[in-house]
Amino acid sequence: MRNRAKNQIKNQIELYLIRHGSTVSNEEHRYLGQTDEPLSAEGIRQLKERALDWKLPIPELVFASPMQRCLQSATLLFPSVTVMEVPEWKEMDFGRFEGKNYEQLKNNPDYQAWIDSGGTIAFPGGENRQEFVCRTICGMENVLELLSERLQQRWCPECGSLGTVRVAALVHGGTIMALLSHYAGGDFYDYQVANGRGYHCGILLQGGTVKMQIKEKL
């Protein structure tokens with residue numbers, strides 16, 4: 001009976017999915033992917049203000065891309081919580097477009113071909129969207145496995161509940177678009193979000209099924 005109840009219950013995860021604060025390249029509207037650029041002074045100021053405005057509950061766990069801009073953002077928002085790095089959550093590899101902006105690329109035929117594809121073909125010398133989404137989802141599956149184990153440790157046979165785990169993830173704009181388009185439905189570009197913004201989501205784990213619901217935009 002106990003195992004059956006475990007399989008039937010909806011295991012709840014509260015996820016705050018947040019894009020890192022701004023960097024100099026972000027502010028100059030340049031493609032910033034694999035370059036490990038830190039937050040700008042404006043990005044630091046921005047996140048400090050957000051931390052005061054949001055009054056987010058302190059998460060049990062904080063996950064982040066291993067890139068400086070995400071790790072710094074995690075520390076600024078949640079200084080008391082240890083950050084766990086998720087290597088698969090690095091931003092997309094923009095290849096030869098890295099560090100360039102629209103004005104520098106608008107007459108490039110490779111760039112026009114990428115635009116015409118709806119952003120689905122590979123960046124020259126970089127990743128395509130499908131590769132990036134698969135990599136990002138792999139990272140999420142690893143995170144969910146860890147969180148599922150934590151939930152199972154809280155199993156209460158008397159009340160039939162596993163409770164809730166509250167976590168935050170400091171990642172890239174592309175990572176957010178990949179995760180939400182996969183788990184919540186919709187188009188990849190439906191989930192573009194500014195630096196220092198994100199989504200509060202609920203995740204239900206039931207058997208082998210993962211359901212993600214957006215509760216609010218941050």
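## Basis of the model

This is a predicted model, in which local features need pLDDT of at least 70 and side-chain atom pairs count only at pLDDT 80 or more, whereas totals for chains, interfaces and linings use all residues. Residues are numbered from 1 along each chain as its sequence is written, and side-chain values use heavy atoms, with hydrogens and water left out.

Helices (H or I, at least four residues) and strands (E, at least two) are DSSP runs numbered from the N terminus. Buried denotes under 20% relative accessible area, exposed over 50%, and partly exposed in between, for a 1.4 Å probe and protein chains only.

## Nonpolar cores

A nonpolar core is a set of buried Ala, Val, Leu, Ile, Met, Phe, Trp, Tyr and Cys residues joined through side-chain atoms within 4.5 Å. The largest such core comprises 41 residues, and Leu15, Trp89 and Met140 have the most contacts inside it. Two or more residues each come from strand 1, strand 2 (61-64), helix 6 (109-116), helix 7 (129-152), strand 4 (164-171), helix 8 (173-183) and strand 5 (198-206). Helix 7 supplies the largest share, 8 residues.

Contact here means heavy atoms within 4.5 Å. Beyond its neighbours within four places in sequence, Leu15 is in contact with residues including Met140, Val167, Tyr199, Ile203 and Met212. A second, separate core of 16 residues includes Leu39, Leu56, Cys70 and Val81.

Helix 8 is largely enclosed by the rest of the structure, because 10 of its 11 residues are buried. Among them are Gly173, Ile176, Met177, Leu180 and Tyr183. Just after this helix, Gly185 takes a positive phi of about 90°.

On a 1 Å grid over the protein atoms alone, a pocket is an open set of points where a 1.4 Å probe fits, with protein on both sides within 12 Å along at least five of seven lines; lining residues have an atom within 4 Å of a point. Grid points are joined across faces, edges and corners, and a volume is the space filled by probe spheres set on the points. The largest pocket holds about 690 Å³ of space. It is lined by 29 residues, of which Arg19, Tyr31, Phe94, Met177 and Gln192 are the closest to its centre. Helix 2, helix 6, helix 7 and helix 8 each give two or more residues to the lining, and helix 8 gives the most, with 3 residues.

## Two loop residues

Thr23 lies in the loop between strand 1 (11-19) and helix 2 (24-27) and is buried, at 0% relative accessible area. Its side chain makes a polar contact with the side chain of Glu37 at 2.8 Å; a polar contact is a pair of N or O atoms within 3.5 Å, where within protein one must be able to donate a hydrogen and the other to accept it, and residues adjacent in sequence count only if both atoms are side-chain atoms.

His29 is found in the loop between helix 2 and helix 3 (41-54) and is exposed, with a relative accessible area of 65%. Phi of His29 is positive, near 55°.

## Cysteines

A search of the whole structure finds 0 disulfides, a disulfide being a pair of cysteine sulfur atoms within 2.5 Å. The sulfur of Cys134 has its closest cysteine sulfur in Cys138, 9.2 Å away and too far for a bond. Cys134 is partly exposed at 49% relative accessibility, and Cys138 is partly exposed at 34%.
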